[in-house]
Amino acid sequence: MRQPQIIDRSRDQEFMRQALELAAQGAAMGEVPVGAVLVQHGQVIGRGFNCPISGSDPSAHAEMVAIRAAAQAASNYRLPGSTLYVTLEPCSMCAGLIVHSRIARVVYGALEPKAGIVQSQGQFFTQGFLNHRVLFEGGVLAQECGTILSEFFKARRAKA
């Protein structure tokens, strides 16, 4: 029988604040402010923020950028035992990558009512066909994560 995994939540807010700092960097570049930090054994091994516009890359979501950086740092396409902190609920593309990367846990801030696939528009990580189970938790610093997004879009609408 498989032993239950012990979850250390003691640094969740600390790592989410780092993801928020990355989201702010993206916003400064005119990108939708989403940041992500990937942690393994208590150390940050990947960081990213949304950059599909500046990178002309539709796959350059914060999660994708952080996971790519972590895989390069680890010299491994699998990242077992790691936790991904992201300021916004992941979309279907990123959720698929999370499973394929064998990330153990995802912690996100704000819900994404239109495209979030962890809770809002589906419960992807609970699907029986998946060959890897991902633990997940939403709502960590949700207000701060939501505020940076709403302020970004409010400023964008004011310019238009």
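**Packing and annotated sites in a predicted model**

Me: Which elements are among those that cover the buried residues of α4?
Reply: Helices and strands here are DSSP runs, H or I of at least four residues and E of at least two, numbered from the N terminus. Buried means under 20% relative accessible area, exposed over 50% and partly exposed in between, with a 1.4 Å probe and protein chains only, while contact means heavy atoms within 4.5 Å. On those terms, the cover over the buried residues of α4 includes α1, β3 and β4.

Me: What kind of model is this?
Reply: Residues are numbered from 1 along each chain as its sequence is written, and side-chain values use heavy atoms, with hydrogens and water left out. Local features need pLDDT of at least 70, side-chain atom pairs count only at pLDDT 80 or more, and totals for chains, interfaces and linings use all residues, since the model is predicted.

Me: On how wide an arc around the axis do the buried residues of α4 lie?
Reply: The buried residues in α4 are Cys145, Ile148, Leu149 and Phe152. They sit on the same side of α4, because their arc (taken from the directions from the helix axis to the C-beta atoms) is only 90 degrees.

Me: Which exposed residues does α4 carry on the face turned away from its buried side?
Reply: An α-helix has 3.6 residues a turn, so residues three or four places apart point the same way. On α4, the face turned away from the buried side holds the exposed residues Gln143, Glu151, Lys154, Arg157 and Ala158.

Me: Which elements do the buried residues of α1 pack against?
Reply: Asp12, Phe15, Met16, Ala19, Leu20, Leu22, Ala23 and Gly26 are the buried residues of α1. Seen down the axis they fall within an arc of 165 degrees, so they line one face of the helix. Their packing partners are β1, β2 (43–49), β3, β4, β5 (135–137) and α4.

Me: Which residues does the UniProt annotation "binding site" cover?
Reply: UniProt positions follow the numbering used here, feature names are shortened, and annotations may be inferred rather than shown by experiment. The entry is unreviewed, and its "binding site" covers His61, Cys91 and Cys94.

Me: What is the largest C-alpha distance among them?
Reply: These residues are spread over 34 residues of sequence, yet they cluster in space. The largest C-alpha distance is 9.3 Å.

Me: Is cysteine 94 buried or exposed?
Reply: Cysteine 94 is found in helix α3. Leaving aside neighbours within four places in sequence, cysteine 94 is in contact with His61 and Glu63. Because its relative accessible area is 0%, cysteine 94 is buried.

Me: Which residues does cysteine 91 touch, not counting residues up to four places away in sequence?
Reply: Cysteine 91 lies in the loop between β3 (82–88) and α3 (92–100). At 16% relative accessibility, cysteine 91 counts as buried. Its contacts are His61, Glu63, Ala115 and Ile117.

Me: Where does UniProt place the feature "active site"?
Reply: The residue in question is in helix α2 and counts as buried at 3% relative accessibility. Beyond four places in sequence, it touches Ala36, Leu84, Val86, Leu88, Pro90, Cys91 and Cys94. The unreviewed UniProt entry puts its "active site" at Glu63.

Me: What is the radius of gyration of the protein?
Reply: The protein has four helices and five strands, in the order α-β-β-α-β-α-β-β-α along the sequence. The radius of gyration is taken over C-alpha atoms, and the globule rule is 2.2 Å times the number of residues to the power 0.38. For 160 residues the rule gives 15 Å, and the protein comes close to it, so it is as compact as a globular protein of that length: its radius of gyration is 15 Å.
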